[in-house]
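Biologist: Hi, could you walk me through this one? I'd like to begin with a term or two and then get to the details.

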Amino acid sequence: MRLLIVDDESPARERLRGMLGELGDCEVIGEATNGNDALHACATLKPDIVLLDVRMPGLWGIEVAQHLATLEEAPAVIFTTAYGDHAIEAFDAQAIGYLLKPIRKEKLARAIKHAARISTPRLMQATRTANLDHCREYVCAKLADQLKLIPVADVYYFAADQKYVTVHHKNGEDLIDEPLKDLGDEFAAGFIRIHRNALVAEKYIAGIERDADGQYTVRLRETAVALQVSRRHAGELLRRIRG
Amino acid sequence: MNAPRRTEPDSSFFLPDFCAGSMALAIVLIVELVAIVISLGRQAIHDNFWVDLACTSMFLLWVGLGCAMVLCRARPKLARMSVVHASLGALLLLIGVVGIVSEATFQLGSYLSGGLAAELEIFPEHHAAFVFRNIAIGFIVSSLALRYFYVSAEWKHTIELEARARIHALQARIRPHFLFNSMNTIAALTRSNPAVAEEAVQDLADLFRANLSDARQRISLREEFDVAKVYQRIEQLRLGARLQVNWRVDSLPMDAQLPSLILQPLLENAIYHGIERLPNGGQVDIEGSYDGVSIRLQVTNPLPVNERTAEHNGNKLALDNIAQRLELAWPEALQTAGMNISQDNGQYIVQLRFPYTPRSHTAS
């Protein structure tokens, strides 16, 4: 078993490494101290199992797991947490593996034996059950073997074509593998659906124009793009912008 | 948050619920006892004590249960009024019941004049005297009863407030998150560095001793700083170089008294919501100033970018708790004891101020 340890606290990492050394058949191939490093390490080192701290600075453990799930050779994830409040109950309900710190060796051994990939829907379900009200801070694009994180705050709009969704953001565009509907649900607070195939960041909307035919278009800040508003979504858009 | 809920609007009302069965039973019991006392105490109108008792209890039961029924019906309305209005209303209702029952008794007496009733002299003879005497007695007894209900409700309210203060004090205590993280750190250190682990256990013991003591009592500023520094040492083990704390409190009078666990929770907050969330950590500044009258303490910590606008519920609760305890500790000096929270340039700033109170003044 090749394992990656992700925890922002060095005593915690040290202890896990020590215990894994005693278990046998476990090789620690790397350590990461935050979520971003963890994603990079997973993409390059390809561990079998990731021991992932839930509470970390920057990317939250659950968000890291959501991004990991998009990898083709996604590792199994075991969450570790000192005191998880609601998250624990949600993990339990969704049969997601977790360990409570200070971790017992027997429990660690058992968790490793039963470690499994966690699917995105199950994670989403867990966050909903926990009522964490958490939406991701990044969306994740896959570039060959690397995961590229795009801050949601930098996204101008999501555009869907036949099969993919393109993220248009401050540093270009990337393809992501998520349905527009799910994105719309998750980021309902900051994004508005203006068309069957477009989801726009509210804060980048510069203006709405109406032409002679009654057709609305949205102009965006910082880019020269003008996007068509469908008749169906026009009412909702105007309500939100004016309201 | 502690506002009474709509479903039980009268939970804080001073009149008890007279609709309850147990209340009716209590009234019957009290009425019977009073009837016995009256019958025993009064020089028998006629020779037969039992007849006297029967008449008195009959009359008083009508009065007692009638009053209970009226109050049971009127309570929801009375509960919406001010205490003065509700008391006057209740008083009028009770006197009304006494008057009506008295009048009815007299009318019944004159209807049944003659026969056995007259022979036993169980009905009153003088109409106005009987009714007005009863109303006067009713007025005095009702006033006393209402006064009693009011005082006992106040007393219950005070006990509730006391309990709430106790809960506030409990809530000021250390987060379980910290306990389990510390345990984990110590578990790791027992392997790698038993000497440091030993110290950490001692620090943790000190910290919990301070935490388990009554948070309503006052301690000196020096003791409060010591507790905060013990807490800082434990967090330092866990967070390493990510946590820096800069103490600038030398100008303060260390014998100043303050409620315990005022500063330590602020440091805990600064770490939990600030330093711990920053990949590279940061510095917490603890500054104090003293102008001869009051003391100011200021805790400043950097916030992660995405937390800068959001107000955290948990954080808010902890801070409210500290502010309330400060204000309760110096209730007479609302102007000088209190807390101020601000954000400036990504820094979260909590300012406390309270009057300088040396130990001798608090030992009263």
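Modeller: Happy to. A crossover is right-handed if, with the strands pointing away from the viewer, the path from the first strand over the helix to the second runs clockwise. Helices (H or I, at least four residues) and strands (E, at least two) are DSSP runs, numbered from the N terminus. This is a predicted model, where local features need pLDDT of at least 70 and side-chain atom pairs count only at pLDDT 80 or more, while totals for chains, interfaces and linings use all residues. Residues are numbered from 1 along each chain as its sequence is written, and chains are lettered from A and ligands numbered from 1 in the order in which they are written.

Biologist: Great. Which elements make the right-handed β-α-β unit?

Modeller: E1(A), helix H1 (residues 10-23) of chain A and E2(A). E1(A) and strand E2 (residues 27-32) of chain A pair in the parallel sense over five bridges; two strands pair if DSSP finds at least two bridges between them.

Biologist: And what is the bridge partner of A:Val6 in E2(A)?

Modeller: A:Ala32. In E3(A), A:Val6 has A:Leu52 as its bridge partner. Strand E3 (residues 49-53) of chain A is parallel to E1(A), with four bridges.

Biologist: Why is strand E1 of chain A largely enclosed?

Modeller: Four of the five residues of E1 (residues 2-6) of chain A are buried, so the rest of the structure largely encloses this strand. A residue is buried if 20 or more other C-beta atoms lie within 10 Å of its own, exposed if 12 or fewer, and partly exposed in between, with C-beta atoms placed from the backbone.

Biologist: How many residues are in the largest nonpolar core?

Modeller: It has 102 residues, and A:Val50, A:Leu52 and B:Leu267 are among those with the most contacts inside it. Helix H8 (residues 221-239) of chain B gives the most to this core, eight residues. A nonpolar core here is a set of buried Ala, Val, Leu, Ile, Met, Phe, Trp, Tyr and Cys residues joined through C-beta atoms within 7 Å.

Biologist: What is B:Leu267 in contact with?

Modeller: Leaving aside neighbours within four places in sequence, B:Leu267 is in contact with B:Ala228, B:Tyr231, B:Gln232, B:Val284 and B:Val299. Contact means that the C-beta atoms, placed from the backbone, lie within 7 Å.

Biologist: New topic: what is the strand order in the open sheet of chain B?

Modeller: The five strands run E2-E4-E5-E7-E6, with mixed pairing. Strands E2 (243-248) and E6 (338-344) of chain B are at the edges with a single partner strand each, so one side of each has no neighbour in the sheet. Inside chain B, nine bridges join the antiparallel strands E5 (residues 294-302) and E7 (residues 347-355), and B:Val299 has B:Val350 as its bridge partner in E7(B).

Biologist: Which helix lies across those strands?

Modeller: Helix H9 (residues 263-274) of chain B lies across E2, strand E4 (282-290), E5 and E7 of chain B, at about 15 degrees to E5(B). Axes are lines fitted to C-alpha atoms, for helices over the stretch in contact, and angles run from 0 to 180 degrees between N-to-C directions.

Biologist: Last one: how many residues of chain A are in contact with chain B?

Modeller: 15 residues of chain A, in contact with 22 residues of chain B.

Note on methods: Contact = placed C-beta atoms within 7 Å.
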